[in-house]
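Please take me through this model stop by stop. I have it open in a viewer and want to know what to select next and what is there.

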Amino acid sequence: GAPRILVIRLTALGDVVLVEPVARALRQRFPGYAIDLVTDLKMVPLLTQAGVFDRVEGYDKKGADRGFFGPWRVRRRLAERYHAVIDLQG
């Protein structure tokens, strides 16, 4: 398949909406790459509708993904190999 880039941004709506320009810039710089996003579960519908990501995966830190192994569970759901991971969480 196509090479993939994973973007991680989990926090508030204003911060999450700012990932759209990042995705657009990545698409320009890396044409042919798939761009995926991991974000807070409640942001998934909004960012899926934006249409800038190939895949948007929710991180449910207060529910199914809570606890020490939560990030591991999200990573396992993605089941992809990424050429780059961009952590916008800091």
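Select D54 first. With a relative accessibility of 47%, D54 counts as partly exposed. This is a predicted model, and the contacts described on this tour are computed from it.

The side chains of D54 and R27 form a salt bridge, 2.7 Å from N to O. D54 sits in the loop between α3 and β3 (55-59), while R27 belongs to helix α2, so to speak of the pair is to speak of distant parts of the chain, 27 residues apart. R27 is itself partly exposed, at 30% relative accessible area.

Stay with α2 and show the helix from residue 19 to 29. V19, A23 and L26 are buried here. Look down the axis of α2: the buried residues fall within an arc of 60°, and therefore line one face of the helix. Which exposed residues does the face turned away from the buried side carry? Select Q28 and R29 to see them.

Next, go to the interior. As a general point, nonpolar side chains in soluble globular proteins tend to be buried together. The largest nonpolar core in this model has 13 residues, and V7, I35, L37, L47, F53 and V56 touch the most other members. At least two residues of this core come from each of β1, α2, β2 (34-40) and α3 (44-50). The element that gives the most is α2, with three residues. Apart from this core lies another, of eight residues, including L10, Y59, V74 and Y82.

Pick L37 and display its surroundings. Leaving out residues up to four places away in sequence, L37 touches L6, V7, R9, V19, L47, F53, R55, V56 and E57.

From there, step across to L6, one of the residues in contact with L37. L6 is in strand β1, residues 4-8. Is L6 buried or exposed? It is buried, with a relative accessible area of 6%. Again leaving out residues up to four places away in sequence, L6 touches D36, L37, V38, L78, Y82, A84, V85 and I86. Draw a distance between the C-alpha atoms of L6 and L78: the two residues are 72 apart along the chain, and the separation is 9.8 Å.

The last stop returns to charged side chains. Side chains of opposite charge can pair when their charged atoms come close. The count for this model is seven salt bridges.

Select E57, which is buried at 13% relative accessible area. Its side chain meets that of R77 in a salt bridge of 2.7 Å, N to O. R77 lies in helix α4 (residues 70-78) and E57 in strand β3, so this pair ties together parts that are 20 residues apart in sequence. R77 counts as partly exposed, at 35% relative accessibility.

R55 is partly exposed, with a relative accessible area of 24%. Which residues do salt bridges with shared partners join into one network? Show R55, E57, D65 and R77 together to see it.

Note on methods: Residues numbered from 1 in each chain as written. Predicted model: local features only at pLDDT ≥ 70, side-chain atom pairs only at ≥ 80, totals over all residues. Heavy atoms only, no water. Helix = DSSP H or I, 4+ residues; strand = E, 2+ residues; numbered from the N terminus. Buried < 20%, exposed > 50% of the residue type's maximum accessible area, 1.4 Å probe, protein only. Contact = heavy atoms within 4.5 Å. Core = buried A, V, L, I, M, F, W, Y, C linked by side-chain atoms within 4.5 Å. Salt bridge = Lys/Arg side-chain N within 4 Å of Asp/Glu carboxyl O. Arc of directions from axis to C-beta.
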